[in-house]
Structures are given as C-alpha cells and as structure tokens.
Amino acid sequence: MAPSLEAAGLTKRFGEFTALSGLNLKIQGTKCVGFLGPNGAGKTTTMKMFTGLISATSGTALINGVDVSRDKKAALASCSTLIETPEIYPSLTPKEALSMLCEIRGVPATERSKRIDEALGRVKMQEWEGRKVGSFSKGMKQRVNVASTLLSDPDVIILDEPSVGLDPRGMSEVRDIVRSLGNRLVFMSSHLLAEVTEVCQEVALIDHGKLIVYDSIENVTAKFAGGSGAVKIGFSRAVDIQTGTAISKLDGVTSFSRVNDRHVLVKFDPKVLSQEKLFETIAGMKAGAQTFESESGLEDAYLSLIKETL
Ligand SMILES: Nc1ncnc2c1ncn2[C@@H]1O[C@H](COP(=O)(O)OP(=O)(O)OP(=O)(O)O)[C@@H](O)[C@H]1O
Ligand SMILES: [Mg+2]
C-alpha cells in the first residue's frame, strides 16, 4: 500500500532562502506522528506543501500515493488540514459554519447534516451547535475548527499546532480529541513535547529545513536522550529543603529540580541507580512521596538533537 504521507526530495525556497531542503519522509498506515522542530524549522511550510497551499520548488508531496501538485483534488479527497487556525465568522453558529464548509468541500447535500452532527459530537460541541461562535472561548472555537477537519471523514489529518493559545483545559481537550480520532493518520506539529509524548507514537524532527530523525518515540528517546532516566515525584506536602538535598545527593542522581512546591523532577543515571531503587529510597524518606511518574525522555532527546545541529 502507498504511504499515507510521503515527501520525496521536497524542497521550498523563498527567493535565496531555503525553508525546506530535500525532505524525504514516508509515513505508513494509521497512527499519530508528531512533527517537531524549532521556530522557523520548516514545519508549516512542509504542511502547506502537503495541502497545496503553496507549491514546492522541487520534489514531491504525496498523500496516499497521489502527488499533490499533479492532482490536488484527488490527493486532498482523503485528507483534511488545520493550518494557521482560521477565524470562524463570529456571527455564525457552529452548524452554519460547518454547513458552509460542507458546501465548499462538496459534501453531498443529503449527507451534510449527519456529517456535521458526527463531527460536532466527536469534539463534544453538540450542545453549542446553535449558539454564535463570537461568544465562544478560544478552546471552543478550536474544537469547532477540529470538527471542520472531520466533515469529510478523512483518513489523513494534518494539524499545525492544534493546541496553540489554549489554556490547560483546552489543551487537554484537544489532546483527547486527537487521541480519539483513531484509525487515521494524524500528522501534527507541536512545540509541546509532553503533548506529543501523550498522543503520538512516532516523531519526525526537522531543523533548518532538514529532517534530523523520524522514528518511534521509544527509539528516539533510547538513542538520543543520553540514556538518562527521569521521574516526576509528587508529594502530599511541600518538599522541604532537607528532603531536596537528600534526593539530590543520592548516588546516581544527576539533576534535581522543583516543578512546584509539591513536585520535583529527578534525573538519574540508570547504570548507577535503578528506577526501582530510587523509588524505594525516596519512599523511605517518609517525606510524603505520593506519585512517581516516569517522564519520557523526548525533551532530552530533542535538546541533544537540536544542539548537535547548531
Ligand atoms: N512566504 C514566505 N516568504 C519568505 N519566507 C518564508 C515564507 N514562509 C516561511 N518563510 C520562512 O521559512 C522558514 C520556515 O518557516 P515555517 O513557518 O515553515 O517554520 P515553522 O517550523 O512552522 O516554525 P514555527 O514553529 O515558528 O511555526 C522561516 O525562516 C520563515 O521565515
Ligand atoms: Mg509553524
């Protein structure tokens, strides 16, 4: 089967400046892939070429095997995108806004109302379908935007920073929606590594217009996070100075930082100190340690990969 998304030598120049340089990327099947990279790396540019919003200088972008520049309509028939979050007319209701989009996108008139109900159901906005968008919070507007990507029941969804500008609840809602999309390829750019760790199985990382790595999150962290372990520990009361000092002095602990007064982040060298031993030791301090969460090493991997290319 053709890859769900494929870039072959995909290049974009703006005048003298190369924003994307010979990107080769093949994403097979259905899953969620995080698209990472620093500001200006070329993520939005790549996504715009996949959706035909801008044309490639050279190379090809294919969706389900169809070259976007050759047959944009066929390529995009199975793909929906959310790039540079559009403003919905404030005087429209979600239902009206989505019906307009159905019309523009050629969804058959007989199916529109069912598709709109389904899409609004997925983003939990049915109760609000008849209210004007102008009165909605950013998070609610973004849910309507995400619903708009579901109208054509696409099997490829491209989302450019879907939770940017949302408060923690809005972000968590977008995450839940993305996770519930199932059975499709979701290609999502984000600067939130915790979000990516939570919803994606794989990541593609680019920098200065070049692909640095494309692999599963486990492989990327195993290869590039420097083999360090990290755990976030929650306490039932504020962590006092003695406890902090005792943890940071443990043999094998490489860094200790306070996330807030009841949470600390401890990094350790698994060759010297096992996670199990660390847990037992901290529990033994009787300082109120309550939760013990392994942190994905994606941030460490990201930082080491991006630093290496500077
Ligand atoms: N229309 C344009 N004309 C000239 N340069 C552009 C244009 N669009 C993008 N660029 C440049 O291309 C580079 C890549 O931009 P792009 O928007 O793809 O980055 P990004 O990875 O999405 O960054 P961010 O994380 O900040 O959204 C940047 O240096 C940007 O200034
Ligand atoms: Mg961008």
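This is a predicted model: local features need pLDDT of at least 70, side-chain atom pairs count only at pLDDT 80 or more; totals for chains, interfaces and linings use all residues.

Colleague: What makes β11 and β13 a pair of strands?

Modeller: Pairing takes at least two bridges. Six bridges join β11 (residues 229-235) to β13 (residues 263-268), so they count as paired under that rule. The two run antiparallel.

Colleague: And where do they sit in their sheet, which has the order β12-β13-β11-β14?

Modeller: That is an open sheet of four strands with antiparallel pairing. β12 (253-260) and β14 (289-294) are at the edges.

Colleague: Why are β12 and β14 called edge strands?

Modeller: Each has a single partner strand, so one side of each has no neighbour in the sheet. Neighbouring strands here are turned by 20° against each other on average, direction ignored.

Colleague: Which helices lie across β11, β12 and β13?

Modeller: Helix α9 (residues 241-248) does, at about 150° to β12. Helix α10 (residues 275-284) lies across those strands and β14 too, running at about 165° to β14.

Colleague: Phe279 is in helix α10. Why is Phe279 called partly exposed?

Modeller: Its relative accessible area is 42%. Buried would need under 20% and exposed over 50%, so Phe279 falls in between.

Colleague: How many residues are in the largest nonpolar core, and which of them touch the most other members?

Modeller: There are 47, and Leu36 and Val178 touch the most other members.

Colleague: How do you know that this core lies between domain 1 and domain 2?

Modeller: Domain 1 (5-223) and domain 2 (226-309) both give residues to it, so it lies between them. Leaving out residues up to four places away in sequence, Val178 touches Cys32, Leu159, Val186, Met188 and Val199. A second, separate core has 25 residues, including Met49, Ala61, Ile63 and Phe187.

Colleague: What else can you say about how domain 1 and domain 2 relate?

Modeller: Their C-alpha centres lie 35 Å apart, and 14 residues of domain 1 are in contact with nine residues of domain 2.

Colleague: Last topic, aromatics. How many aromatic pairs does a search of the whole structure find?

Modeller: Three. One pair I can spell out is Trp128 with Phe136.

Colleague: Why is the pair of Trp128 and Phe136 called edge-to-face?

Modeller: The ring centres are 5.9 Å apart, and the cut-off for a pair is within 6.5 Å.

Colleague: Are Trp128 and Phe136 buried or partly exposed?

Modeller: Phe136 has 6% relative accessibility, so under the 20% cut-off it counts as buried. Trp128, at 29%, is partly exposed.

Terms used:
Residues are numbered from 1 along each chain as its sequence is written. Chains are lettered from A and ligands numbered from 1 in the order in which they are written. Side-chain values use heavy atoms; hydrogens and water are left out. Axes are lines fitted to C-alpha atoms, for helices over the stretch in contact, and angles run from 0 to 180 degrees between N-to-C directions. Contact means heavy atoms within 4.5 Å. A nonpolar core is a set of buried Ala, Val, Leu, Ile, Met, Phe, Trp, Tyr and Cys residues joined through side-chain atoms within 4.5 Å. Buried means under 20% relative accessible area, exposed over 50%, partly exposed in between (1.4 Å probe, protein chains only). Domain bounds come from an automatic or database domain assignment. Rings of Phe, Tyr and Trp (its six-membered ring) pair if their centres lie within 6.5 Å; planes under 30 degrees apart count as stacked, over 60 as edge-to-face and the rest as tilted.
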